Amino acid sequence: MILAGERLPPSLLMTIIRYVLPLQDHTAKKLLLIFWEIVPKTSPDGKLLQEMILVCDAYRKDLQHPNEFLRGSTLRFLCKLKEPELLEPLMPSIRACLEHRHSYVRRNAVLAIFTIYRNFEFLIPDAPELISNYLDGEQDMSCKRNAFLMLLHADQERALSYLASCLDQVTSFGDILQLVIVELIYKVCHTNPSERSRFIRCIYNLLNSSSPAVRYEAAGTLVTLSNAPTAIKAAASCYIELIIKESDNNVKLIVLDRLIALREHPSHERVLQDLVMDILRVLSSPDLEVRKKTLALAMDLVSSRNIEEMVLVLKKEVAKTHDVEHEDTGKYRQLLVRTLHSCCIRFPDVAATVIPVLVEFLSDTNELAAADVLIFVREAIQKFDNLQPLIIEKLLEAFSNIKSVKIHRAALWILGEYATTVSDIQAVLKVINLTLGEGPLLDTEQRLIAGEAEENPQNNLGQATTTLVTSDGTYATQSAFNTIQKSKKEKRPPLRQYLIDGDFFIGASLASTLTKLALRYGKSVKPGEQNRFDAEVMLIMAGIIHLGKSGLPTKAITNDDRDHILFCLRVLSDRSASIIKIFSELCRQALNDMLVAKEVEEALNQKAKEKAGNIIQADDPINFMQLQADKSGELGENVFETSLSQALVGGRTGTTETNTNVNKLNKVTQLTGFSDPVYAEAYVHVNQYDIVLDVLIVNQTNDTLQNCALELATLGDLKLVEKPQPVVLAPKDFCNIKANVKVASTENGIIFGNIVYDVTGAASDRNVVVLDDIHIDIMDYIVPATCSDTEFRQMWAEFEWENKVSVNTTLTDLAEYLKHLVKSTNMKCLTPEKALSGQCGFMAANMYAKSIFGEDALANLSIEKPFNKPEAPVTGHIRIRAKS
């Protein structure tokens with residue numbers, strides 16, 4: 001009832017004291033402690049209730065109870081009391097608990113003394129001395145940790161003297177105590193840098209602690225205490241060991257970020273370059289994000305001294321991906337290819353050893369990895385003339401094993417452009433004939449179909465079924481028709497199979513390649529050999545056109561592809577000098593221009609990044625080095641305080657305190673007016689998965705507001721996690737109330753509600769102040785990210801960007817329907833209903849598109865003729881795409 005914000009009658013409190021307080025049941029006592037924690041203990045005028053004297057006596061009895069659970073629970077409860085009148089009579093009993101036989105009671109007694117000393121120092125002024133004496137005789141590690149933590153915050157001098165007395169024994173302490181010791185050393189050295197030499201050896205020793213948390217904190221502290229190369233190397237080695245040994249991917253990523261931040265310091269990069277091989281050990285982690293960050297870090301640190309060792313490791317990783325099939329194996333393979341690509345471009349000396357390994361990827365089923373290999377091969381063959389024979393040789397070896405039509409197209413372009421010697425040109429033609437099939441294409445395909453028909457005279461779909469056992473143990477039937485189709489594909493070479501599947505773009509690419517080869521071959525041989533080569537090449541091109549028109553392929557050859565092949569035939573027959581120059585020189589020049597433009601763009605981006613880091617805003621604070629405690633400038637900001645503040649506000653890594661405060665001011669929403677009895681405003685902080693509302697409530701009246709509660713509700717995929725607790729506001733007083741809202745999806749939402757309160761002494765109903773709505777914008781969830789051109793094109797192709805509008809018409813002839821579209825452009829106005837009814841044309845489609853999507857919309861009609869039904873109406877749809 002209290003949690004729901006309901007007021008309890010005063011008589012209920014006495015009933016609980018009489019009938020519930022004497023119970024000895026542990027569960028009831030635990031619930032009772034929670035009740036005493038949240039129940040109002042003061043009257044409306046702020047004075048302690050008389051009944052609480054009886055409760056205080058119950059506390060004292062529980063502190064002397066023989067059961068250690070009841071004693072410890074009561075001591076934990078006393079940490080939350082804010083009434084010194086209740087605590088004062090209990091101080092002797094709390095002190096006595098320090099000598100209890102059970103560690104659970106002793107460590108909670110230390111916490112209770114710490115909290116009371118911090119809140120009400122007059123109740124126990126000798127607390128630091130008391131705890132210091134207690135610490136000398138304590139053996140339990142959890143009790144020592146709590147006691148040391150109190151001295152750290154209450155009396156650093158006593159904490160330091162204790163640490164100095166047992167400095168050699170720190171490595172034998174438990175991890176919970178070691179963590180507090182690391183924090184103390186950091187804070188002492190941060191305020192007094194001259195103490196570094198005294199404690200830095202202790203931090204070095206803690207790098208070998210058995211606890212990962214202690215090693216992590218010790219490494220972070222060591223980096224801030226010293227810039228010496230040995231210290232940086234020890235901390236970095238510690239981070240690397242943590243990443244390798246920890247199983248939690250989140251921990252790996254956090255420590256990796258610390259390692260990356262370490263590299264950004266100019267004086268540390270040289271030290272980390274010697275640890276590149278150790279960093280590459282992190283690749284043993286199966287998580288793709290960890291591997292991605294590791295490879296990026298290694299690429300930033302690699303130098304000419306260790307590039308060969310790094311390439312050897314990456315080649316071993318490439319070999320491992322062939323044996324292991326995992327969900328992310330393909331993406332990891334792609335990462336390795338890109339990293340090796342970067343290595344070869346930065347360090348050309350290793351390219352000769354990398355190219356044979358990478359070319360094997362061309363036959364990979366992962367098309368993206370194979371495409372990355374070809375991008376690398378294309379750049380390498382253009383930049384490194386000495387590697388051209390090796391690349392051509394390896395490309396010819398892998399050509400027949402390629403499984404993707406896109407990869408085949410790109411490989412044909414490279415072979416046609418860079419096969420310059422007579423032997424290379426003949427080898428390329430031989431490989432093309434091997435992957436296309438010997439003899440005229442149309443005749444070979446007709447013989448293949450005729451042979452299949454003779455072998456299977458009754459190849460109906462429903463006949464010749466066989467029963468198979470699948471991998472999961474179930475039974476399945478396989479028809480002879482499927483087997484026949486599969487056998488046909490197995491009999492066809494890959495290039496011819498693409499053509500049979502209707503992909504004649506590969507035929508146009510092949511024609512360009514053959515034309516380049518023929519033009520280059522003619523310059524190096526006698527006229528008779530040139531004519532023989534030209535005839536063979538032209539026969540292949542003509543065969544592709546005949547096959548495209550025969551009706552055997554799944555789709556007929558398009559006019560564009562046919563015209564391109566015919567153009568290539570014309571080039572070989574005429575041999576015009578201007579056209580020969582285009583085929584022989586300008587294609588390669590276009591590639592060179594593209595690579596140069598890419599290098600310039602990357603250089604500009606790098607300069608922009610460096611410049612952005614050096615920009616100083618007009619209102620940035622000025623640091624006066626003479627006024628800083630640390631004159632050497634080595635210690636920087638207090639990392640313990642920074643990490644704590646980031647955890648509390650949920651700030652993203654890398655944001656400065658100034659930026660955080662500015663952003664916070666920009667996100668303040670006023671909820672009530674200045675003339676309302678209760679003024680409220682909210683700071684809205686949007687995290688990835690939740691929203692935190694920090695609401696400031698100000699009592700603008702001269703009355704005490706009882707049970708002042710913030711009531712919230714949501715619209716959209718938002719859900720209130722818990723109801724905010726009611727508060728009591730004195731006249732002109734204010735308070736902050738936090739509310740958490742769970743986010744189910746990234747979309748716009750609305751949070752609304754009101755503030756309700758009672759006025760002390762008033763007999764009227766509850767007062768209500770309605771709050772202004774808080775609009776949650778989807779843009780608050782969006783975080784900037786980057787992707788390559790290839791990834792963008794892939795995502796664009798996979799996502800459905802177009803809105804389809806169905807079109808139906810009674811016209812059965814396609815030409816007549818198109819004429820109807822032209823005539824309909826005279827229409828001045830058409831409603832969306834008529835547009836959807838089917839009596840519409842191109843103008844109607846565009847008008848409808850603009851009525852929905854604005855003036856920038858474009859409509860394209862896609863017409864579909866029903867198969868084998870010439871009398872059926874034409875059906876199709878309009879694709880509407882907005883330019884923006």
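**Figure 1. Contact between helix 9 and helix 10 in the predicted model.** From helix 9, the residues Lys 144, Phe 148, Leu 151, Leu 152 and Ala 154 meet Gln 156, Arg 158, Ala 159, Tyr 162 and Leu 163 of helix 10. By class, this contact of helix 9 with helix 10 comprises seven nonpolar residues, one polar residue and two charged residues. Helix 9 spans residues 141-154 and helix 10 spans residues 156-165; their axes lie 6 Å apart and the packing angle is about 135 degrees. Because of this angle, helix 9 is classed as oblique to helix 10.

**Figure 2. Contact between helix 1 and helix 2.** The axes of helix 1 (residues 10-19) and helix 2 come within 13 Å, and they cross at roughly 150 degrees. Helix 1 is therefore roughly antiparallel to helix 2, since angles over 145 degrees fall into that class. The crossing of these two helices is left-handed. Leu 13, Ile 16 and Ile 17 are the residues of helix 1 that meet Leu 32, Phe 35 and Trp 36 of helix 2. The contact of helix 1 with helix 2 holds six nonpolar residues, with no polar and no charged residues.

**Figure 3. The largest cavity and its lining.** Helix 2 (26-38), helix 3 (52-63) and helix 4 (68-78) each contribute at least two of the lining residues. The largest share, four residues, is supplied by helix 2. By class, the lining of the largest cavity has seven nonpolar residues, one polar residue and two charged residues.

**Figure 4. Contact between helix 30 and helix 31.** Helix 30 covers residues 527-549 and helix 31 covers residues 559-574; their axes come within 10 Å and cross at roughly 155 degrees. This crossing angle makes helix 30 roughly antiparallel to helix 31, because the class takes in angles over 145 degrees. The handedness of the crossing of helix 30 and helix 31 is left-handed. On the side of helix 30, the contact involves Val 537, Met 538, Met 541, Ile 544, Ile 545 and Lys 549. Their partners in helix 31 are Arg 562, Ile 565, Leu 566, Cys 568, Leu 569, Leu 572 and Ser 573. The residues of the contact of helix 30 with helix 31 divide into 10 nonpolar, one polar and two charged.

Terms used: Residues numbered from 1 in each chain as written. Predicted model: local features only at pLDDT ≥ 70, side-chain atom pairs only at ≥ 80, totals over all residues. Heavy atoms only, no water. 1 Å grid on protein atoms, 1.4 Å probe; cavity = no way out; pocket = protein on both sides within 12 Å on 5 of 7 lines; lining within 4 Å. Nonpolar A, V, L, I, M, F, W, Y, C, P; charged D, E, K, R; others polar. Axes fitted to C-alpha atoms, helices over the stretch in contact; angles between N-to-C directions. Parallel < 35°, antiparallel > 145°, perpendicular 65-115°, else oblique. Left-handed = near helix turned anticlockwise from the far one by under 90°. Contact = heavy atoms within 4.5 Å.
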